[in-house]
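Me: Hi! I have a structure open here and would like to talk through it with you. Could you help me find my way around?

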Amino acid sequence: MEIGSFTFLSPEDFSFNNNYNSDFSWFLDMETGFNGNTKKRGRKDFEESLVSEKSGFGDILSSILMLDEEAKQEQYQWVTNSDQDRAFFQANYKGNAQEMNGYFENQFSEMNQLDNSSNKRARKSGSPAAAATVSAGSDNVGPSKSGSGSGQQRRLWVKDRSKDWWTKCNHPDFPDEEFKRAFRMSKATFNMVCEELEPAVMKKNTMLRDAIPVRQRVAVCIWRLATGEPLRMVSKRFGLGISTCHKLVLEVCAAIKTVLMPKFVQWPDESKIKSIKQAFESAAGIPNVGGSMYTTHVPIIAPKVSVAAYFNKKHTERNQKNSYSITLQGVVDQTGAFTDICIGWPGSMSDDQILEKSAFHQRATRGHLKDVCVVGNKGYPLMDWVLVPYSHQNLTWAQHAFNEKIGEIEKVAKEAFARLKGRWSCLQKRTEVKLQELPIVLGACCVLHNICEMRNEVMDPELKFELFDDEVIPDNNIRSMASAQARDHIAHNLLHHGLGGRGTSSTAVL
């Protein structure tokens, strides 16, 4: 918005009018007030204007004072009303608070009475479960009190699960045959395992809950390995949570590997090696045999990384679906107990590749196996300390006799692995165990297998398992010419000393 200038007219601007004199005199009269006595008139007017101004200022001041007084009265009235409202709200708040406190006190007293009555009933009936839980309706959830301290106990809401099956199995009067059918070992062997593992797996009670007993911890692990059932079935059997069962299995397997493996899976000393040699020589006529070696595959779920490395081509062709596995290589003595194991190499590797990667191969190449050899199948190469059968066509009578005798030693390892998988069914099918945790589980199965073999635990014939691992002949199956000559010498002695197979007895006479 713009503002323009406006020009006021002066007396000279009226000179164009014909009535100049009259108009000019009129203008002068305006200045003098139409009166010739201008001085007197001006003083009087000035005094009157002063009086009027004073009276105007007085009116303004009185108005301001009145407004100020009204504002003070309004503020006082507002404060008074606020105090009354505050007092009213505080009175209502105190009343409501007292009512709520009384309500909650009544509720807590009723709950305490319920707890006391349930504890009294539990003590009278002698049931520890009744003292630990209080039913909370159809959802089977109740508050439990636990802890071994003498102080105030805390309340914890836990799910009430049935432990009837394990309580029945753990009873002293439970039949040993049924116990062995469930856990693949007798009560005496189970008790021995629990005693050995107790320092490693025992937990202390807390104020929140009582620790799971050692026997139940070990039973959860062994039953899971023996049956291969999913964790939800383990949870139902033992009355524990699924995550708790999974944790217990891994903890007990780790304890078995740490505590029991050094005691029950170890390479024999010189005296024991001597007895093993004598046992194999008396059975097959082949000298200096310190063990029988075999490699089996354990099926797994397809891993997320390195899928091709764990792909098992032979099992895929047989099963007509993609199969993945990890390997378990083991050396056994004349009784079928493991003396060395190598676990965890991918299923795409051949037997000779797994052997070269194993710690057993490293010890042998360093000369730790003196005058001892192990017997393997055609999937292994012939070396100074590995004795394998002839794999070419058109065998001579001596070579055929040697293959029959060495096959008897191979059979010891193969039957041992068959009992391993038959006794511990978790090795027969894909499990829920993670790939990085699976070697611990396999090692625990081997340790438990040795314990059962050493304590002469007879396996139920219904659990018999047939192995179907394929033998892939390596490209370079003869690694030492000296070992080839030694094998030929053994085959010649077997034939001409009447120790050959059934089909070579007549030839030996000739």
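Me: Which residues lie nearest the centre of the largest cavity?
Reply: Leu-225, Cys-426, Thr-431, Val-433 and Val-441 lie nearest its centre, out of 13 residues that line the largest cavity. Keep in mind that this is a predicted model.

Me: Thanks! How much space lies in the largest cavity?
Reply: About 90 Å³. The count of cavities of 30 Å³ or more comes to 3.

Me: And which element gives the most to the lining of the largest cavity?
Reply: That would be H15, with 3 residues. Helix H7 (214-227), E3 and helix H15 (438-454) each supply at least two residues of that lining.

Me: How do the lining residues of the largest cavity divide by class?
Reply: There are 10 nonpolar residues, 1 polar and 2 charged.

Me: Which domains does the lining of the largest cavity draw at least three residues from?
Reply: Domain 1 (163-263) and domain 2 (268-428 + 465-498) each give at least three residues to the lining of the largest cavity.

Me: OK, on to pockets. What volume does the second largest pocket have?
Reply: The second largest pocket comes out at about 350 Å³. Its lining has 20 residues, and Pro-299, His-315, Asn-319, Ser-323 and Gln-428 are the ones nearest its centre.

Me: Which elements give two or more residues to that lining?
Reply: Strand E3 (289-300), helix H11 (313-319) and strand E4 (324-332) do for the second largest pocket. The largest share is from E3, with 3 residues.

Me: How many nonpolar, polar and charged residues are in the lining of the second largest pocket?
Reply: That lining has 7 nonpolar, 8 polar and 5 charged residues.

Me: You mentioned E4. Are the residues of E4 buried or exposed?
Reply: Buried, 9 of the 9, so E4 is largely enclosed by the rest of the structure.

Me: Which residues are on each side of E4?
Reply: One side has Tyr-324, Ile-326, Leu-328, Gly-330 and Val-332, and the other has Ser-325, Thr-327, Gln-329 and Val-331. Both faces are covered, with all of these residues buried.

Me: What order do the strands of the open sheet come in?
Reply: The order is E5-E4-E3-E6-E7, 5 strands with mixed pairing. E5 and strand E7 (386-387) are the edge strands, each pairing on one side only.

Me: Do E3 and E4 pair in the parallel or the antiparallel sense?
Reply: Antiparallel, over 9 bridges. Thr-295 has Gln-329 in E4 as its bridge partner, and Val-298 has Ile-326.

Me: What about E4 and E5, how many bridges join them?
Reply: E4 and strand E5 (residues 338-346) are joined by 6 bridges and run antiparallel. Val-332 has Phe-338 in E5 as its bridge partner.

Me: How many residues are between the strands in the hairpin of E4 and E5?
Reply: There are 5 residues between the strands, and Gly-336 takes a positive phi near 90° in that hairpin.

Me: Back to Ser-325 for a moment. Why does Ser-325 count as buried?
Reply: Ser-325 counts as buried because its relative accessibility is 1%, and the cut-off for buried is under 20%. Ser-325 is placed in strand E4.

Me: Which side chains does the Ser-325 side chain make polar contacts with?
Reply: The side chain of Ser-325 has a polar contact of 3.0 Å with that of His-297. Another polar contact of 3.0 Å joins the Ser-325 side chain to that of Asn-312.

Me: Where is Arg-184 found?
Reply: Arg-184 is in the loop between helix H5 (176-183) and helix H6 (187-201). At 11% relative accessibility, Arg-184 counts as buried.

Me: And what is phi near for Asn-456?
Reply: Asn-456 has a positive phi near 55°, and is a residue other than glycine. Asn-456 sits in the loop between H15 and helix H16 (481-496).

Me: Last one: does Asn-456 count as buried or exposed?
Reply: Exposed, with a relative accessibility of 64%.

How values were computed:
Residues numbered from 1 in each chain as written. Predicted model: local features only at pLDDT ≥ 70, side-chain atom pairs only at ≥ 80, totals over all residues. Heavy atoms only, no water. 1 Å grid on protein atoms, 1.4 Å probe; cavity = no way out; pocket = protein on both sides within 12 Å on 5 of 7 lines; lining within 4 Å. Points joined across faces, edges and corners; volume = space filled by probe spheres on them. Helix = DSSP H or I, 4+ residues; strand = E, 2+ residues; numbered from the N terminus. Nonpolar A, V, L, I, M, F, W, Y, C, P; charged D, E, K, R; others polar. Domains from an automatic or database assignment. Buried < 20%, exposed > 50% of the residue type's maximum accessible area, 1.4 Å probe, protein only. Pairing = 2+ DSSP bridges. Polar contact = N/O pair within 3.5 Å; in protein donor to acceptor, adjacent residues only side chain to side chain.
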